[in-house]
Amino acid sequence: MLSASPLNAAGAPDVAEPEVGQDGIRKIIHVDMDAFFASVEQRDDPALRGKPVAVGGAKKRGVVAAASYEARQFGVRSAMPSVTAARKCPELIFVKPRFEVYKSVSAQIHEIFGEYTALIEPLSLDEAYLDVTENFKGMAIASEIAEAIRARIFEVTGLTASAGISYNKFLAKMASGHNKPNGQFVITPAKGPAFVETLPIEKFHGIGPATAARMKALGIQTGADLKAKPLPFLQEKFRSSGSYYYWIARGVDHRRVKADRIRKSVGGENTFFDDVHALSEAREKLAPIIDKVWRHAEAKALYGRTLTLKVKYSDFEIITRSRTMPHALRTLGEVEAVAHALLDPVFPVAKGIRLLGVSLSGFAESSERENNAEQLSLAL
């Protein structure tokens with residue numbers, strides 16, 4: 001077991017020792033979806049498959065939000081101006097982003113994570129850290145867990161994911177990009193320090209372009225160069241981050257996988273194949289959404305005072321209606337009653353409804369796990 005002092009996110013020593021397995025080593029997986037937004041678009045539109053796709057605006061001031069691997073071969077990258085991307089790849093196909101769809105797929109993916117561990121730290125819609133040192137499946141080998149999660153993601157969503165497996169978050173993150181797309185890579189404790197030494201400094205997670213330029217000006221080109229610099233030197237040049245750089249250059253990162261962000265809401269929604277026009281049908285469509293939201297809220301002992309109804313019409317206009325009760329909603333019947341009270345005045349409608357959603361928020365302070373939950377969007 002590494003004897004170095006654990007670090008917090010700022011690089012300072014952490015008081016509490018991290019949880020470890022029986023062998024003294026944590027098992028961390030970093031899951032990263034492959035070209036997530038673009039892959040969703042290619043999945044949903046067969047005409048886009050195998051073609052260079054950019055999710056984003058094609059206008060003069062547009063920006064690429066995501067690029068397919070076919071587009072990346074031409075040098076198209078996320079955050080690139082659309083005019084630059086079009087210049088690099090004249091055959092590039094621009095697709096408007098559908099963030100509600102991406103959030104829905106992301107919720108499916110995070111539900112899969114939850115089948116294996118409760119220690120999940122989302123970084124964005126398409127990536128997360130998982131601590132599987134102790135896991136719900138009782139599996140001892142982290143790489144097998146990563147394989148199972150990736151297979152399950154593909155089974156449920158039709159999308160591929162890559163994974164990095166290691167004994168800390170930094171190396172798991174570095175490993176997840178090693179065999180992209182649709183692959184995984186393991187960095188063991190025995191190989192960690194040597195792996196870091198070979199990395200170009202600009203490849204380090206947590207070191208951006210500006211910091212990399214500063215480091216290169218100081219003669220730091222690789223992980224080995226960074227490792228050669230004494231701690232006082234790095235603290236002088238990079239202040240509080242100096243300690244973090246010192247330890248990751250040695251393959252040491254004891255930051256925990258944190259699954260303790262406060263849950264702000266629990267919600268679910270569903271897009272219908274045919275538009276809904278009648279109240280009776282809307283109530284029927286809303287019932288399974290309410291049921292699923294309630295089951296998740298009840299399982300987490302999250303009892304909200306505020307219920308919000310979301311309605312999206314056939315022309316994509318969205319309205320929301322909310323009601324805050326004087327007490328937390330603690331039964332399915334109470335949730336249904338408030339949801340119906342919000343839904344009924346929406347009718348009669350002048351245009352069809354293509355989506356309905358319900359969310360609970362304003363959780364009671366007495367909720368046992370309120371302070372250990374994370375915002376969740378449940379998609380049906």
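In α1, the residues Phe36, Phe37, Val40, Glu41, Arg43 and Asp44 meet Phe99, Val101, Tyr102, Val105, Ser106 and Ile109 of α4; contact denotes heavy atoms within 4.5 Å. The residues of this contact comprise eight nonpolar, one polar and three charged, where Ala, Val, Leu, Ile, Met, Phe, Trp, Tyr, Cys and Pro count as nonpolar, Asp, Glu, Lys and Arg as charged, and the others, Gly among them, as polar. The model is predicted: local features need pLDDT of at least 70, side-chain atom pairs count only at pLDDT 80 or more, and totals for chains, interfaces and linings use all residues. Residues are numbered from 1 along each chain as its sequence is written, and side-chain values use heavy atoms, with hydrogens and water left out.

**Overall composition**

- The protein chain contains 13 helices and 13 strands; helices (H or I, at least four residues) and strands (E, at least two) are DSSP runs, numbered from the N terminus.
- Of its 380 residues, 47% count as buried; buried means under 20% relative accessible area, exposed over 50%, and partly exposed in between (1.4 Å probe, protein chains only).
- Among contacts between residues at least 6 apart in sequence, 64% join residues at least 24 apart.

- The axes of α1 (residues 36-44) and α4 (residues 99-113) lie 10 Å apart, and the helices pack at an angle of about 100 degrees; axes are lines fitted to C-alpha atoms, for helices over the stretch in contact, and angles run from 0 to 180 degrees between N-to-C directions.
- The two helices, α1 and α4, are therefore roughly perpendicular to each other, a class that covers 65 to 115 degrees, whereas angles under 35 degrees count as roughly parallel, over 145 as roughly antiparallel and the rest as oblique.
- α1 also lies across β2, β3 and β4, running at about 110 degrees to β2.
- Three strands form an open sheet in the order β3-β2-β4, with mixed pairing; two strands pair if DSSP finds at least two bridges between them.
- The edge strands are β3 (64-67) and β4 (93-95), each with a single partner strand, so one side of each is left without a neighbour in the sheet.
- From one strand to the next, the twist averages 30 degrees.
- Strand β2 (residues 53-56) and β4 run parallel and are joined by three bridges; Val53 stands opposite Ile93 in β4.

**Strand β10 and its partners**

- Nine of the 10 residues of β10 are buried, which leaves the strand mostly covered.
- β10 pairs with β12 in the antiparallel sense over nine bridges, and Leu309 has Val358 as its bridge partner in β12.
- β10 also pairs with β11 in the antiparallel sense, over seven bridges; in β11, Arg321 is the bridge partner of Leu309.
- Tyr313 belongs to strand β10 and, at 9% relative accessibility, counts as buried.
- Beyond its neighbours within four places in sequence, Tyr313 is in contact with Ile319, Val346, Val349, Lys351, Gly352, Ile353 and Arg354.
- Tyr313 and Lys351 are 38 residues apart in sequence, yet 6.7 Å apart in space, C-alpha to C-alpha.

**Helix α13**

- The 12 residues of α13 (residues 332-343) should span 16 Å at 1.5 Å a residue, which agrees with the 16 Å between its end C-alpha atoms; the expected span is 1.5 Å times one less than the number of residues.
- Val335, Val338, Ala339, His340, Leu342 and Leu343 are buried in α13.
- These buried residues pack against α12 (279-299), β10 (304-313), β11 (318-324) and β12 (353-363).

- Lys180 and Pro181 are joined by a cis peptide bond, with omega of about -10 degrees; Pro181 lies in the loop between α6 (169-176) and β8 (184-187).
- The loop between α6 and β8 also holds Asn182, which has a positive phi of about 55 degrees although it is not a glycine.
- Asn182 is partly exposed, with a relative accessible area of 44%.
- A cis peptide bond, with omega near 0 degrees, runs from Phe347 to Pro348; Pro348 is placed in the loop between α13 and β12.
- In the hairpin of β10 and β11, which has four residues between the strands, Phe316 takes a positive phi near 75 degrees.
- Phe316 is not a glycine, and its relative accessible area of 52% makes it exposed.
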